[in-house]
Structures are given as C-alpha cells and as structure tokens.
Amino acid sequence: MFLGSRSRLRTAVIAAAVGAGVLTAATPAAAAPLAGTRSYLVITAPNGTAGAKEAIGTNGGTVFSSYDAIGVIVAHANTTDFASKMRTVSGVQKVGATRTSDIPAEAANPPIPAAPSQATPATSEPLRTDMTQIGADKAWAINQGSPSVTVGVLDTGVDDLHDDLKENFLASKSASCAYGKLDTRAGSWRDTDTHGTHVAGTIAAKKNERGMVGVAPGVKIASVRIAEKPSGLFFAENTICALVFSGDQGFAVTNNSYYTDPWLFNCPDNADQDAILEGVKRAVAYAEGKGVLNVAAAGNENYNLANKTRDTTSPNDSTPVQRNITNACLSVPTEVSGVVTVSSITSGNGKSSFSNYGTDKVHIAAPGDSVYSTVPGGRYGSKSGTSMASPHVAGVAALLKSANPTATPAQLRQLLATQADDLACTDSRCSGTTAKNNFFGEGRVDALAAVDTGTPGTSFENTADVSIPDNGAAVTSSITVSGVTGNAPATLKVGVDIQHPYRGDLVVDLIAPDGTVYSLSNRSGGSADNIVQTFTVNASSEVANGVWKLRVQDVASADVGFINSWKLTF
C-alpha cells in the first residue's frame, strides 16, 4: 500500500511486447476469476520459463503474465495445492502466493479510470518552503532539467490532464500494471486516488506561473499505475510489472512511494514471501541494468528498520496477525539493494514523527511534512509522509541525470550522497555522526548542488577534532583539495559541525588557499548551542586545488568547545 496512507505506510499521516518477456496490453477476459483464485509467482532461471509454463497448466493453473528475462511468471490458480505441486517441478526455484485474498473480478477486464473534470487553472505560483529547503529555487535559475530525462511515477496513477502536469506528461511511456499485467490502453495510467498525482507534481510540475513548481520542472514524467481498484493495494506482481516496464521504457529514475502488499515485511523463511522477495529483487536489478535509478520512501511507522522485532499489520488484504520478525525480513522495494531509501524531515530539519529510520537503511532525507502539490482535477493539496519526501529525491536525481547524462545509477547514487547537506541527530534514538546517521543517512538532498557548474559532488572532509580555547587564539582545521579542475564554484558548500555552548561567542571563517577570508558566522546565533550548518560561499575567483582552512575563534569567556568536523563540496 502507498506510504501516504496507513501507519506503515498506510496511516494517512496528514494523510514492447517488451524485452523482459511476454508483456502485452491487457485485453478483456471472458469471465471473472472463480472464487478462491489466487495469484502466484513462479520463479525459474532467467529465460528458462518454458517448462514451468507447461507445468502450470498441468497443475491446474493458468499463466497470467510472464517476465522471461528475469525468470518470473505470474500464475493464477484456484486449487489449494498449486504452490506445493509447482515447487516439485524441475527448473522451478521458488513459488509463492502474492496475496491472501482472492483475485478481484476487475483483473479480468480492468476498467479505465475516468478522466476527472478540471478546475480553472491557478493564477499564481507561490514559492514552497520545501523547495527552498533543498535549494530547488536556486537550481531552477541554472538548470530546470532536460526533457530527455523521464521519471516514472509508480503509484496510484497520475492525472495527465492537470494544468501543471500535462506539458511534462508522456502518455506514450505510461501504462497500468494493476493486477500484474501490462495495460497500455489510453488512460489506464490515470489516478484512482490522489497520491500518485501529488507525487508527480513534487517531481516535475511545470514552472508556468500557475499552481506550484516541481523539483525538476523541465523533465518528463510517466505514470505506471500499480494500485489496484477497489482495494488500493500494490501487490508484488504489479510492482514487478512496473519495474520491468520502467527498464524497457528507458526511464532515468523511478519513484516508489509504497510498500509491496500484503506484507509490511517479507521474510525469507516463509515460502510465499521468499518468492515475493526474489521476484521484486530481480525486477529492481533488471530496471537498474537498463539504466534506471530507483528511489523509494522509507515508510511511515516510526520504525527502526535496522532493528526489526515485530509486525502487527500484515497481511493487510485479509486479517492481520501479530508475528515476530528479524532483520532478514525486508520491506520491498524499499529495502532492496540498489534502491535509494528516503526518510522524511520537517521544515526545521528534524526527523518527521512518522518517518522510519535505520542505520544503513536510510540513504538520504527530504521534506515530507505538509507538502503542497498537485491532486487530480487541476487542484492542489497538502500531504505528509515519506511518500512526499521520496519524490523530492527523485526530482533531484532527475536534475543530476540532466546535468550528467552519461551517469550510471551507481554514479547518481554516489552524487546524491556526496552532495547531501549534513544533518545532526535530533533525539536519543539517533545514532551515527552528523555526516551520516540512522535518521537522515547522508543528509538532506541538495537540488542546487545537482546542477552546479563546478565538479558535481566532489567532497573533501576533515573529521579530526580541534579544541577551541575559551576566549583565546583562533584555531584552524585544514583540508587539502586536489583533482578538481579550474576554480571553485560560486556555490561552494562549507558544511561545519562545531560543538560549543553559546554559539554567539564564535567567529568562524573559511580561508582559501591564497589567503582570502570568507566570513561564515560572526558571533551570530545568540545563546543557542553548536553550529551545525552548511554555508554557501561564492568562491568562483579561487583556484579549487590547494589547502583550505576553517578558522574558529572564541571571543568571549565561560565556554569551551571543539571543531567536530567540516566538509567542502565542490
């Protein structure tokens, strides 16, 4: 289910054929599935599905769809022993039911979502705080994104007629994967809720003086609807279909603001869930192999993903049961290797109350509280959730791809990490350093750095502590920069972590290699403790390579402190 809805991701916190296999447009079936018909993933070696497909028929099932290149077949059957029989078939590696409920009648003949009537277009375009928080407003003056970059919105669908979205929407690359089979009929991609349209606006609403502006208003968006109707759930076969389609369509980025139903966490010691894990992992890897960077929301349970103990909400398509779990159990696609996992922060850069977290689980953070964006019918509204944070990162990734068109998904991941603005821990559950911790990962995503004309993402850091004497002489900490061509950028990022009571006692300067002094903080901040902040300096007149220094002096009595770390990002 999508992350903006319930407590896992479900509590509303506010609130071609294609190369991977036989992917064909959905066609109306003669009859709805029989009562008791369930959906199964049958996993084989890649491109080794032929024998399994034959066995599905002989064991009372039917092949609903198939992704041959990754060895995943979606089968339907209404016999209770189908999975156990198929697990004995030669060449079959895993078999698992994807749901604990019957396949809905709509799967036989998926209805096209209605096109909503559109409101009168807005007459103003106020600047949103979430965009200024990540520097998107400054990025737009440099690069709004390339129309050759497409971001896939894997969600409840998108209103392609919305005034702020229609110019950037690609119907030719949009489809539905609801029920687990590709449906390319016109309009199949439309929103069956409001969630997907909201996500799309955050990514790429047009800068047109109307409504609002997305992070990357110059890129294109495509909709791949994976939410079923009427349940609103996102089952594994839908996710797999969407990720394979994304790879084959050449998307640069996908946004995944949901978890794969019906299990909040899929455990490998359960045969059904093990098949779900394997199928989604293969689909993620397939998309990345085609050049797609997959971005996903961390989830809304305020849960430590690195210390799993219990799940009380699954399965969510029938009757949930309480079960003990371990860290081997994963939320997918969020915790799949290669996926960029995004936590949510407030406008004050603290962890949102609902946001999941976890050491080496969260990779980066973005605004997710009361985010204003597009909703169907040409309208706008605010939503909260990691669902709202993730599209900020997807938008920045699209800007990065626009500025670095040959960058691979691995390189985009690295750039997102190195350019992120460090955020310090905000409560006792947070562990790690300011540079990297379990609340915010590498820090807050930075849209301006993504389009900076300097050498994107090149960072240098000094983490050695330097004591600051009370009312004494200035101290310095040095960073030697090498390998950067030309001058420093006009938006040189200077991230500092200075631990000192009463920050108003401190004078902090950046000293360039030629001795030029740039003031960062001159006795500002009053009685507040510590300076944990990223400053932007116009250092375009300075040669980048050389020894840069951070100089700090305590000019009043009573307190001592130290330079904890500092970082230059070019």
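Reader: How much space lies in the second largest pocket?
Author: This is a predicted model, in which local features need pLDDT of at least 70 and side-chain atom pairs count only at pLDDT 80 or more, while totals for chains, interfaces and linings use all residues. Residues are numbered from 1 along each chain as its sequence is written, and side-chain values use heavy atoms, leaving out hydrogens and water. A pocket is an open set of points on a 1 Å grid over the protein atoms alone, with protein on both sides within 12 Å along at least five of seven lines. With volume taken as the space filled by probe spheres set on the points, which are joined across faces, edges and corners, the second largest pocket holds about 230 Å³.

Reader: Which element gives the most to the lining of the second largest pocket?
Author: The pocket is lined by 13 residues, and D421, R444, K493, T534 and T536 lie nearest its centre, where lining means having an atom within 4 Å of a point. With 3 residues, the largest contribution is that of β22.

Reader: How do the residues of this pocket's lining divide into nonpolar, polar and charged?
Author: Asp, Glu, Lys and Arg count as charged, Ala, Val, Leu, Ile, Met, Phe, Trp, Tyr, Cys and Pro as nonpolar, and the others, Gly among them, as polar. For the second largest pocket, the lining then divides into 3 nonpolar, 5 polar and 5 charged.

Reader: Which elements give two or more residues to the lining of the largest cavity?
Author: A cavity is a set of points where a 1.4 Å probe fits but cannot get out, and about 60 Å³ of space lies in the largest one. Its lining includes D422, T434 and E461, together with G495, V496 and D497, V532 and Q533, and the run S565, W566 and K567. The elements that give two or more of the lining residues are β19 (492-499), β22 and β24 (561-569).

Reader: What is the volume of the second largest cavity?
Author: Among the residues that line the second largest cavity are D421, D422, K493, G495, T534 and K567, and the elements giving two or more residues are β19 and β24. The lining divides into 1 nonpolar, 4 polar and 5 charged residues, around a volume of about 50 Å³.

Reader: Which residue in β3 does V42 stand opposite?
Author: Another open sheet of 4 strands has the order β2-β3-β1-β4, again with antiparallel pairing, and its edge strands are β2 (61-67) and β4 (92-97). In this sheet β1 (38-44) and β3 (72-77) pair over 6 bridges in the antiparallel sense. Opposite V42 stands I73.

Conventions: Pairing = 2+ DSSP bridges.
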